[in-house]
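Subject: Structure handover

Hello,

Here is the structure you are taking over. My notes on what was found in it follow directly below.

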Amino acid sequence: QVLSLPIVVIVHGNQDNNAKATVLWDNAFSEIDRVPFVVAERVPWEKMCDTLNLKFMAEVQTTKGLLKDHYFFLAQKIFNDHSASPEDFQSRQVSWAQFNKEILPGRGFTFWQWFDGVLDLTKRCLKSYWSDSKQYVCKLLSMEPDGTFLLRFSDSEIGGVTIAYVIRGKDGSSQVENIQPFSAKDLSIRSLGDRIRDLGQLRNLYPNTPKDQAFGSHYNKEQTGKD
C-alpha cells in the first residue's frame with residue numbers, strides 16, 4: 001500500500017470548483033507527519049500568497065507571476081478590508097472559511113470561486129496578453145488624458161475581465177467608466193485585442209502606450225469586401 005495525494009470524490013461537475021479548493025488547501029498547508037485529514041484551519045497570509053502565485057503560474061503556464069500590488073488587492077478582497085496597508089496584511093492569518101466558505105460581501109460566490117474564475121479566463125483567453133505585456137498596476141485614472149484605459153479582472157462576475165477608461169469633459173473634469181465584463185465565451189467569439197480595437201473611446205493603455213502599439217500584435221486581420 002502507499003499513501004496517495006489527496007483526492008475528492010464528486011457526483012456532479014458543479015462540485016469541481018470546491019473540490020479543487022479542498023485539494024489545494026490540503027496540498028499547500030498540511031504537515032508531513034500529520035494525523036490523516038487534519039489540516040490547519042488558519043494559515044499565514046504570506047503563505048497563502050505563495051500558494052496562489054504558484055497555482056496561477058502553473059495553471060496559466062507562465063513565468064510571470066503575481067506582484068506585490070496583486071497580493072494587496074487580493075488581501076483587500078479576502079479580508080474585506082480596504083483601510084489596511086500592505087504591511088498590515090503580512091501578519092494576518094487567513095482561514096478556510098474566508099478562502100472558500102464565506103460568500104464575499106455583496107456577491108454570490110467565495111474568494112476561491114472568484115480566483116479560480118480568473119485562472120480559467122486567463123488560461124483560456126488571456127495567456128498571451130498576460131505573458132507578453134508588462135504588468136500595469138491598477139492606479140487611479142482620473143489624472144490621465146481622455147481615453148486612457150487599463151484592464152482588470154471583474155469584481156462582480158466570476159471569470160470576467162473589464163476595461164476601465166477615462167472620459168474627460170471640456171471643462172477638464174474626468175470620469176472613469178467601466179465596460180461590461182467580457183467572459184471566456186465572449187472572448188472566444190471575438191478576441192480581447194479585436195474588441196479593444198473596436199472601441200473608439202479607448203486610446204492609450206495606461207500610462208501612455210497607444211493601443212495599436214500595445215495590442216496590435218493581437219489584432220486579427222479583418223475580412224474585406226462582401227465577406
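The lining of the second largest pocket, in this predicted model, is made up by class of 13 nonpolar, 4 polar and 4 charged residues. Ala, Val, Leu, Ile, Met, Phe, Trp, Tyr, Cys and Pro count as nonpolar, Asp, Glu, Lys and Arg as charged, and the others, Gly among them, as polar. The pocket has a volume of about 700 Å³. Of the 21 residues lining the second largest pocket, Ser 4, Pro 6, Asp 26, Arg 34 and Phe 37 are the closest to its centre. Helix H1 (residues 16-29) contributes the most to this lining, with 5 residues.

A pocket here is an open set of points on a 1 Å grid over the protein atoms alone, where a 1.4 Å probe fits, with protein on both sides within 12 Å along at least five of seven lines; lining residues have an atom within 4 Å of a point. Grid points are joined across faces, edges and corners, and a volume is the space filled by probe spheres set on the points.

On conventions: residues are numbered from 1 along each chain as its sequence is written. As this is a predicted model, local features need pLDDT of at least 70 and side-chain atom pairs count only at pLDDT 80 or more, while totals for chains, interfaces and linings use all residues; side-chain values use heavy atoms, with hydrogens and water left out.

Overall, the chain has 9 helices and 8 strands. Helices (H or I, at least four residues) and strands (E, at least two) are DSSP runs, numbered from the N terminus. The C-alpha atoms fill a box of roughly 65 × 45 × 30 Å along the principal axes. Of the 227 residues in the chain, 38% are buried; buried means under 20% relative accessible area, exposed over 50%, and partly exposed in between (1.4 Å probe, protein chains only). Among contacts (heavy atoms within 4.5 Å) with a separation of 6 or more, 53% are between residues 24 or more positions apart.

The largest nonpolar core has 30 residues, of which Trp 45, Met 48, Leu 52, Leu 74, Phe 99, Phe 111 and Phe 115 touch the most other members. A nonpolar core is a set of buried Ala, Val, Leu, Ile, Met, Phe, Trp, Tyr and Cys residues joined through side-chain atoms within 4.5 Å. H1, helix H2 (45-60), H3 and helix H6 (111-132) each supply at least two residues of this core, and H6 gives the largest share, 7 residues. Another core, of 18 residues, lies apart from it and includes Leu 126, Tyr 129, Val 161 and Ala 184. Leaving aside neighbours within four places in sequence, Phe 111 is in contact with residues including Leu 52, Leu 74, Ile 78 and Phe 99.

Two of these helices can be checked for length, with the expected span taken as 1.5 Å times one less than the number of residues. The 16 residues of H2 should span 22 Å, and the end C-alpha atoms are 22 Å apart, which agrees. The 12 residues of helix H3 (residues 68-79) should span 16 Å, and again the end C-alpha atoms agree, at 16 Å apart.

Buried residues in H2 include Trp 45, Met 48, Leu 52 and Phe 56. Just after H2 comes Gln 61, which has a positive phi of about 60 degrees although it is not a glycine. Gln 61 is in the loop between H2 and H3 and is exposed, with a relative accessible area of 61%.

Among the buried residues of H3 are Tyr 71, Leu 74 and Gln 76. Gln 76 has a relative accessible area of 15% and touches Asp 81, His 82 and Phe 89, not counting residues up to four places away in sequence. Asn 80, in the loop between H3 and helix H4 (86-90), also is not a glycine but has a positive phi, of about 50 degrees. At 48% relative accessibility, Asn 80 counts as partly exposed.

Finally, a cis peptide bond joins Tyr 206 and Pro 207, with omega about 5 degrees. Pro 207 lies in the loop between strand S7 (204-205) and strand S8 (209-210).

Regards
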